[in-house]
Amino acid sequence: MIKAIVVFNNHGKPRLIKFFQHYNEDMQQQIVRETFHLVSKRDENVCNFLEGGRWASGKNSDSENLIGGSDYKIIYRHYATLYFVFCVDSSESELGILDLIQVFVETLDKAFENVCELDLIFHVDKVHYILQELVMGGMVLETNMTEIVTRIEEQSKLEKSEAGLTAVPERAASAVKAGLAGAPARVVSAAKNLDLPKLPSNIQLPNLPSFR
Amino acid sequence: MTEVMERTLASLPMFMKGELGGPFGVSRGFQTLIKAIGESQSKHEEERIMKKEVSYLQQKLTQPDISNKHMKELLVRLVYCNMLGHDITFGYIHALKLAQQGGLVEKRVGYLAVSLFLHEDHELIMLLINTIQKDLKSTNILHVCMGLTAVCALISTEMIPALLPMVEDKLQHPKEVVRKKAIMALHRFYLKAPNMVQHIHEKFRKVLCDRDPGVMGASLNIFYDLIKEDVEKHRDLTNTFACIMKQVIGGKLTNDFTYHSVPAPWIQVQLLRILGMLGAGHKKNSEQMYAVLDETLDKSEINHNIGYAVLYECVRTVTAIHPNPALLEKAAERIGRFLRSHSNNLRYLGITALTSMLPVLPGVAGEHQLVVIECLDDPDETLQRKTLDLLYRMTGPTNVTVICDRLISHLSTTADTYLQSDLVTKITQLAERYPS
């Protein structure tokens, strides 16, 4: 079972938080901070898995057992400015989850057309809808990116028809996006073929200077 | 890459100037907030900006006659504030109302907000039952899916009886995504209150034979837990699972399920775990799966991570079930591939697999001694820890001194208190076991 999915940037600012087990607000924030603390000091070419540590031992001095004691792991991937972290228990396959994170990121890239950190900030609801098609109740629901994108597009179509958007603003938006579409297409397809050790750190998540 | 970044930066002002529903599709208020946070010079200032945003939202929500569309935007901003840890309890009831009253798009945001803000024990959850029931009965598939997702996230034990029949009903829905979500919801019910779903175990078995492999795959989650709880009751399914596995690796599923040339890897992993549980300590069940495990070991694609995931799981299963010497030899050889890899992830899994093999094939660690020593000296903490664990389990009367020396030297170099206490425990246990 997946206990939690957290995305934060290189400064520990949360960009997505989803818990599949209830913790109160303070606990949630503490978990995010501690996870950031653990993954941010890892080198680039070490394991993407973390286990043990303060929580797992249950011998935490200042708070009770956080995420479920010794039966859990942190599995994470680092893309440019963002960390994608899945906290799971022993019933999940480590490599399977690593690839699931990749599927998630590729889906985001497809759905947002060259995703960047700003997309996660402004459209956190859309990111959640994508996540809802990937993981449900802490269990993996769907692993096929095309399926997930189809589900999301069904919902978007309905959204557009309900809002009654006219063609004009859509054309303007697509013209702007088209200008950015050239290079990323190659990058995304290159990223898909990259093997695990050479993580696709060039997936489009630019670190914009004016945003921290 | 830099060219793209420059173009993204250049288009930013254009996005930011967008009005409500502009290219970025967000309100000016939200854009201003994000810009302000980005430009803030200190944590203190950021706190101040966030507090201002929260009180602005609180004040806006008390106004009467807010359109559903506007409410949707306010709720998205509330989700953002909630994510950063601010108290937005005043917003809960509005989220509930939007889930009840909104059109499709607003309903979706309402449900999302509710699932992020509330939890199953919250007093307001009961108010959601009617909404969920209505959505489950709807002819619109998206409504049904939303209802099922909400059920999975928020169901409490008291709510189960009210919703169980409707969810059960969805197992026969013509659309596979609905059947899939229904089975996931029922899994959640099972985890919360196993006695309440006892009467539908037969239905789960039917789902295992669903014409859509995705739905069958979803049912594996339930079977994993059912079998974990009571393996005897499901021994008769061993052959079924072995057959499904055979079909999957034989390429009988459509290309949709293939990921990097591996057929339905996640389904394979689940099946292997289930087979592992069924075969453990049971000769007859194990015999039913030797052939398919052998085939899996042979067919495993190892040019991608996910192929290794399946291989690893297969090795674990072979180790867990009634021993078959030929299979064990093959599995031990495959572990070598993990250990010789340059990826720390694979070496980590190799060490773990080696550790689990020790009870059935004690000599196996000796074969890979050199690599094990290398892992011990690797700067990666996670890998070191796993290798120390392996060493501890490998200890016998001949090598206890050497191994203890290693453990002690690690004890003196590590600063991690958890690892220190773990090592001390291990060393003292070894000292007791081999007093000389």
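1. Ground rules. Residues are numbered from 1 along each chain as its sequence is written, and chains are lettered from A in the order in which they are written. Because this is a predicted model, local features need pLDDT of at least 70 and side-chain atom pairs count only at pLDDT 80 or more, while totals for chains, interfaces and linings use all residues; side-chain values use heavy atoms, without hydrogens and water.

2. Chain B at a glance. You will find 23 helices and two strands in chain B; helices (H or I, at least four residues) and strands (E, at least two) are DSSP runs, numbered from the N terminus. Its C-alpha atoms fill a box of roughly 80 × 55 × 50 Å along the principal axes.

3. Inside chain B. Of the 436 residues in chain B, 58% are buried, where buried means under 20% relative accessible area with a 1.4 Å probe, counting protein chains only. Among the contacts in chain B with a separation of 6 or more, 63% join residues 24 or more positions apart; a contact means heavy atoms within 4.5 Å.

4. A nonpolar core is a set of buried Ala, Val, Leu, Ile, Met, Phe, Trp, Tyr and Cys residues joined through side-chain atoms within 4.5 Å. The largest one has 204 residues, and I2(A), Y80(B), F117(B) and F241(B) have the most contacts inside it. Helix α3 (residues 94–112) of chain A gives the most to this core, with 10 residues. Domain 1 (1–117) and domain 2 (131–222) of chain B both supply residues, so the core lies between them; these bounds come from an automatic or database domain assignment.

5. A closer look at F241(B). Leaving out residues up to four places away in sequence, F241(B) touches L208(B), L220(B), F223(B), I227(B), L271(B), I274(B), L275(B) and L278(B).

6. A histidine to find. Look for H410(B) in helix α22 (residues 400–413) of chain B. H410(B) is buried, with a relative accessible area of 9%. Beyond residues up to four places away in sequence, H410(B) touches L376(B), Q384(B), L388(B) and L423(B).

7. Over in chain A. T81(A) sits in the loop between β4 (72–79) and β5 (82–89). Is T81(A) buried or exposed? T81(A) is buried, with a relative accessible area of 6%.

Note on methods: Buried < 20%, exposed > 50% of the residue type's maximum accessible area, 1.4 Å probe, protein only.
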